[in-house]
Amino acid sequence: MIWCRSKINRLNNNGIKVIFCVYNISTSSQFLKESLKNASNFKSSSQKWLLRQINDSYVKKAKAEHYRCRSAFKLLEINEKYKILRSGQTVVDLGCAPGSWTQVAVKATRANVPDGARARMIAALNGRPVNVVLSDMAPSASGIKSMDHSNIIKLCYSALTFAKETSAQGGSLVMKAFDGSESKQLVTDAKTVYEAVHIMRPQASRKESSEIFFVCLRYKGITPPQQGTDEHNSDIQNVMTHGNDSGSDRGL
């Protein structure tokens with residue numbers, strides 16, 4: 001069963017809120033093993049996926065450490081390097097299915113998880129500036145590399161727009177994308193509102209994946225617009241999202 005809800009997590013010490021949209025989904029190894037028993041009924045691609053999941057060291061580690069999926073270790077590595085998550089922050093995780101990034105953020109900010117919920121994230125923020133915006137969003141894969149790259153870049157611009165509207169001075173933004181021709185322009189645009197933008201591939205990223213993570217540091221606010229408009233602004237409202245691989249890092 002899959003279900004979702006927005007949660008407001010209150011910090012015990014000073015009442016600072018950390019706001020998330022949380023998705024729960026069964027990802028247990030028992031579920032994978034049961035599925036493997038019936039693998040002959042699946043397509044060959046599905047069989048390969050099941051075998052890869054069962055043999056993946058990060059999947060096993062996620063289960064042992066009670067994370068919903070292996071992507072938790074990508075954010076853990078990013079945070080180890082850039083120290084973006086700290087106790088008492090307000091954090092928003094966009095498109096967080098199945099929710100492992102939310103789990104990492106809750107632990108890092110020492111937030112509780114009560115039952116209270118709000119239907120709308122912006123309303124729940126109630127004007128509170130956001131310290132960290134996280135986006136592990138990805139579009140439904142088309143199988144066409146250039147199209148998938150373009151669509152996920154649009155999601156990154158959507159996350160960047162949200163961060164501009166809600167971020168506190170000095171805030172951070174982490175976004176996932178697939179590397180491609182539009183990555184350089186996204187970095188250029190992000191640097192208009194962040195002091196530094198780094199591109200990172202965590203160790204937990206699969207070798208065959210083209211995914212990269214943009215780590216935007218020290219939000220400095222919006223400067224007066226220059227002549228011309230961002231061509232992506234008209235696109236980001238039309239993207240449908242669904243949420244969710246060696247280890248080099250380059251700063252731009």
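This report describes aromatic contacts and strand pairing in a predicted model.

## Basis of the model

Local features require pLDDT of at least 70 and side-chain atom pairs count only at pLDDT 80 or more, whereas totals for chains, interfaces and linings use all residues. Residues are numbered from 1 along each chain as its sequence is written, and side-chain values use heavy atoms, with hydrogens and water left out.

## Aromatic contacts

Four aromatic pairs are found in the whole structure; rings of Phe, Tyr and Trp (its six-membered ring) pair if their centres lie within 6.5 Å, and planes under 30 degrees apart count as stacked, over 60 as edge-to-face and the rest as tilted. The ring centres of Trp 101 and Phe 213 are 5.7 Å apart with planes at 35°, so this pair is tilted. It links distant parts of the chain, 112 residues apart: Trp 101 belongs to helix 5 (residues 100-109) and Phe 213 to strand 7 (residues 211-219). Helices (H or I, at least four residues) and strands (E, at least two) are DSSP runs, numbered from the N terminus.

Trp 101 is buried at 2% relative accessibility, and Phe 213 is buried at 0%. Buried means under 20% relative accessible area, exposed over 50%, and partly exposed in between (1.4 Å probe, protein chains only). Elsewhere, ring pairs join Tyr 58, Tyr 67 and Phe 73 in a cluster.

## Strand 4 and its partners

Strand 4 (residues 130-135) is mostly covered, with five of its six residues buried. Strands pair if DSSP finds at least two bridges between them. Four bridges join strand 4 to strand 3 (residues 91-94), in parallel, and Val 92 stands opposite Val 133. Five bridges join strand 4 to strand 5 (residues 167-178), also in parallel.
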